[in-house]
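Student: I would like to learn how to read the features of a protein model. Please take me through them one at a time.

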Amino acid sequence: MMTSPPPPLVNLEELESRHIEMGHLRSDWTFVGPAAGSVDVGARRIRIEPGWFSTPLHVHAHDEETFFVLGGSGLSVQDDKTYAVRPGDCIVHAEGKEAHTLRAGEDGLDVLAFGANQERTSGARLPRIGITWTGRAWFESGVGKSPFEREAELGPPETPEPGERPGSIVNVDEVEREISERENHRGAWRRLGKTAGAKRTGLNHIALEPGQMASPPHCHSSEEELFVVLEGGGTLLLADEEHPVRVHDVVARPAGTGVAHAFTAGDNGLTFLAYGTREPNDICYYPRSNKIAFWGVGVIARLERLDYWDAED
């Protein structure tokens, strides 16, 4: 297996945030993904002040965006409709679909936003402003007023009374639990992203019983994963090293490191989010059992490990 230094273990409460205050846009942004060492996956924490909005209304061109509500309440604004959101909600925005933003309620709104890394995004269309925003620039190559400034000049979008929530918004309590009774791996899995309609990415809610391990130690060739601890504590295994984890710790596992990872719950259990990309050509290696999973074709095999020069002379 390849060796690479483990990424930093970061905590949401200890990362610096950037305050944005323009017109009806007022929030604090924490760029979680880069701090945790992610490569392709983007993750941000957005804390929106009571009554204010997070971003301009926008539509992603070819990216899928997933939100998880950590705390507070508010509205998911989608085109000309609104939907009430609360803690434990998962919101999926498919590529090229509805224009969306968030508005905080009286107690503010605290969300995690998962998607493509800012440097690798396909860009977003801002229909109220009439421009396209990609990476760190917009259609005029970054000249003129920023998209946030232009949005602020337009004033807040209309927010009619909330309607019945679509299938793209689900709460943890509404998603079916997949129970594992396997010895040493007891817990409950909820596939939030898939239930809310995600196609290109996945967001799972995993609650482990005390002393139990989630998936066996493994590493991916193509899929990148990012984990956020919600409750309890435990241990992160990286290769042969153990690292304690606690509430709001974030761990990124980029693809192709060759370093296997696994989570084990402590005495009070461990609940965490697992976000990742879905790559049809991904290969996953399990070092404890020497298994290789070729997920694109649904085959798991055990192969003989050989030296590069074996039988070449």
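**Reading the features**

Tutor: Strand 21 supplies the largest share of the lining of the largest pocket, with eight residues. Keep in mind that this is a predicted model.

Student: What is the volume of the largest pocket, and how many residues line it?

Tutor: Its volume is about 1000 Å³. The lining has 31 residues, and Trp189, Arg191, Asn204, Ser215 and Glu225 lie nearest the centre. Several strands supply at least two lining residues each, among them strand 15 (187-191), strand 16 (201-208) and strand 18 (225-238).

Student: How do the lining residues divide into nonpolar, polar and charged?

Tutor: There are 13 nonpolar, 10 polar and eight charged residues in the lining of the largest pocket.

Student: How is a pair of aromatic rings described?

Tutor: Two values are used: the distance of the centres and the angle of the planes. The structure holds seven aromatic pairs. One of them joins tryptophan 29 and phenylalanine 148, with 6.4 Å centre to centre and 75 degrees between the planes, an edge-to-face pair. Tryptophan 29 is in strand 3 (residues 25-31) and phenylalanine 148 in helix 2 (residues 147-154), 119 residues apart, so this pair links distant parts of the chain.

Student: Are tryptophan 29 and phenylalanine 148 buried or exposed?

Tutor: Both tryptophan 29 and phenylalanine 148 are buried. Ring pairs also link Trp29, Phe31 and Phe148 into a cluster.

Student: Why is the pair of tyrosine 308 and tryptophan 309 called edge-to-face?

Tutor: Because the planes of tyrosine 308 and tryptophan 309 stand at 90 degrees, with the ring centres 5.0 Å apart. The cut-off for edge-to-face is over 60 degrees. Tyrosine 308 and tryptophan 309 are both exposed.

Student: Which ring does the charged end of arginine 26 sit over?

Tutor: The ring of tryptophan 52, with the charged end 3.8 Å from the ring centre. Arginine 26 also meets glutamate 21 in a salt bridge (3.1 Å, N to O).

Student: What can side chains of opposite charge do?

Tutor: They can pair when their charged atoms come close. This structure holds 13 salt bridges. In one of them, glutamate 13 and arginine 45 meet at 3.1 Å, N to O. Glutamate 13 lies in the loop between strand 1 (10-11) and strand 2 (18-22), and arginine 45 in strand 4 (residues 41-48), 32 residues apart.

Student: Why does arginine 45 count as buried?

Tutor: Because its relative accessibility is 4%, and buried means under 20%. Glutamate 13, at 46%, counts as partly exposed.

Student: How should I read the phi of histidine 248?

Tutor: Histidine 248 has a positive phi of about 75 degrees, although it is not a glycine. Histidine 248 lies in the loop between strand 19 (241-245) and strand 20 (249-253). At 16% relative accessibility, histidine 248 counts as buried. Alanine 311 also has a positive phi, near 60 degrees, and lies in the segment after strand 24 (299-302). At 73% relative accessibility, alanine 311 counts as exposed.

Definitions and conventions. Residues numbered from 1 in each chain as written. Predicted model: local features only at pLDDT ≥ 70, side-chain atom pairs only at ≥ 80, totals over all residues. Heavy atoms only, no water. 1 Å grid on protein atoms, 1.4 Å probe; cavity = no way out; pocket = protein on both sides within 12 Å on 5 of 7 lines; lining within 4 Å. Points joined across faces, edges and corners; volume = space filled by probe spheres on them. Helix = DSSP H or I, 4+ residues; strand = E, 2+ residues; numbered from the N terminus. Nonpolar A, V, L, I, M, F, W, Y, C, P; charged D, E, K, R; others polar. Phe/Tyr/Trp six-rings, centres within 6.5 Å; stacked < 30°, edge-to-face > 60°. Buried < 20%, exposed > 50% of the residue type's maximum accessible area, 1.4 Å probe, protein only. Lys NZ or Arg CZ within 6 Å of the ring centre and 35° of its normal. Salt bridge = Lys/Arg side-chain N within 4 Å of Asp/Glu carboxyl O.
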